[in-house]
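Here is a short report for a reader new to this structure. Begin with the view below, then read on.

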Amino acid sequence: MNPLSIAPWAIAAVLAAGGFAYVVKCQRDARFKDEAIMMAEAQIKEVEKIAAANLKAKEDSDAQRDKERASLERTIKRLRDNSGPSLVPATASCAGSTTVAAFDRAELDRALRDFTEGVQGLVTEGQQAVIDLDSAKGWALKLRYEMAPIASR
């Protein structure tokens, strides 16, 4: 069969159907693209909303942590200021001579102060770690409860 013997209307119909299918596909692709852009913009807005909530929660948590650390520092300063001039008690008046003792008062006082400062440094560092951990846990819990409705979508 000679290809030229096919009726021209059949060729025109095939070309028209192909052209129509192409136009429909282009329109479908354009709609899909528009819907994808709208969905992406909605997701971006949602992510920005979540990021803003996270930032606010972090700032609130940092402010609370700073308050607790300042309170700890005031307490430590007050305890330091209330410690007397010497950690070694005065010698008893019935001891006879105040110059005879089994230890060097100045050296013992210095050693006790160094020990107390070392222990106080460890306690302070530990308490600051507890404050930081409590702050992080509070922030995480707040985020967990605030984000629960978003995660269920």
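Helices here are DSSP runs of H or I with at least four residues, numbered from the N terminus. Ser61 is found in one such run, helix 1. The model is a predicted one.

## Overall layout

How many helices and strands does the chain have? The chain has two helices and zero strands. Helix 1 covers 8–82 and helix 2 covers 105–151, with a loop between them that holds Phe103.

The chain counts 153 residues, and 8% of them are buried. Its accessible surface is about 12400 Å². Carbon and sulfur atoms own 65% of that surface.

Take the contacts with a separation of 6 or more: 80% of them are between residues 24 or more positions apart.

## Buried positions between the helices

Start with Ser61 in helix 1. Is Ser61 buried or exposed? Its relative accessible area is 11%, so Ser61 is buried, the limit being under 20%. Leaving out residues up to four places away in sequence, Ser61 touches Ser135 and Trp139.

Ser135 sits in helix 2. Ser135 counts as buried because its relative accessibility is 12%. With residues up to four places away in sequence again left out, Ser135 touches Ser61 and Arg65. Ser135 also has a C-alpha atom 9.2 Å from that of Lys58, although 77 residues separate the two along the chain.

Ile76 belongs to helix 1. Ile76 has 11% relative accessibility and therefore counts as buried. Which residues does Ile76 contact, leaving aside its neighbours within four places in sequence? They are Gln120 and Thr124. Gly121 is 45 residues from Ile76 in sequence, and their C-alpha atoms are 9.8 Å apart in space.

## Salt bridges

Side chains of opposite charge can pair when their charged atoms come close. The count for this model comes to eleven salt bridges.

| Asp60 | Lys56 | 3.1 Å |

Take Asp60 and Lys56 to begin with. How are these two placed in helix 1? They are four residues apart, so about one helical turn separates Asp60 and Lys56. Asp60 has 33% relative accessibility and counts as partly exposed. Lys56 is partly exposed as well, with a relative accessible area of 48%.

Asp132 counts as partly exposed because its relative accessibility is 28%. Arg65 has a relative accessible area of 24% and is therefore partly exposed. Arg65 is also one of the residues that Ser135 touches.

Lys137 and Asp134 pair within helix 2. They are three residues apart, about one turn of the helix. Lys137 has 47% relative accessibility, so Lys137 counts as partly exposed. Asp134 is partly exposed too, with a relative accessible area of 40%.

Some salt bridges share partners. Which residues do they join into one network? The network holds Lys58, Asp62, Arg65, Asp66, Arg69 and Asp132.

## A nonpolar surface patch

One more feature concerns the surface. Phe103, Leu108 and Leu112 make a nonpolar patch there, of about 230 Å². Phe103 lies in the loop between helix 1 and helix 2. Its relative accessibility is 42%, so Phe103 counts as partly exposed.

## In brief

To recap, the chain has two helices and zero strands, and 8% of its residues count as buried. Ser61 and Ser135 are in contact.

Technical notes: Residues are numbered from 1 along each chain as its sequence is written. This is a predicted model: local features need pLDDT of at least 70, side-chain atom pairs count only at pLDDT 80 or more; totals for chains, interfaces and linings use all residues. Side-chain values use heavy atoms; hydrogens and water are left out. Patches are made of residues with over 30% relative accessible area and no salt bridge: like charges are joined within 9 Å, nonpolar side chains (Val, Leu, Ile, Met, Phe, Trp, Tyr) within 5 Å. Accessible areas come from the Shrake-Rupley method with a 1.4 Å probe; for residues, only the protein chains shown count as cover. A salt bridge is a side-chain nitrogen of Lys or Arg within 4 Å of a carboxyl oxygen of Asp or Glu. Buried means under 20% relative accessible area, exposed over 50%, partly exposed in between (1.4 Å probe, protein chains only). Contact means heavy atoms within 4.5 Å.
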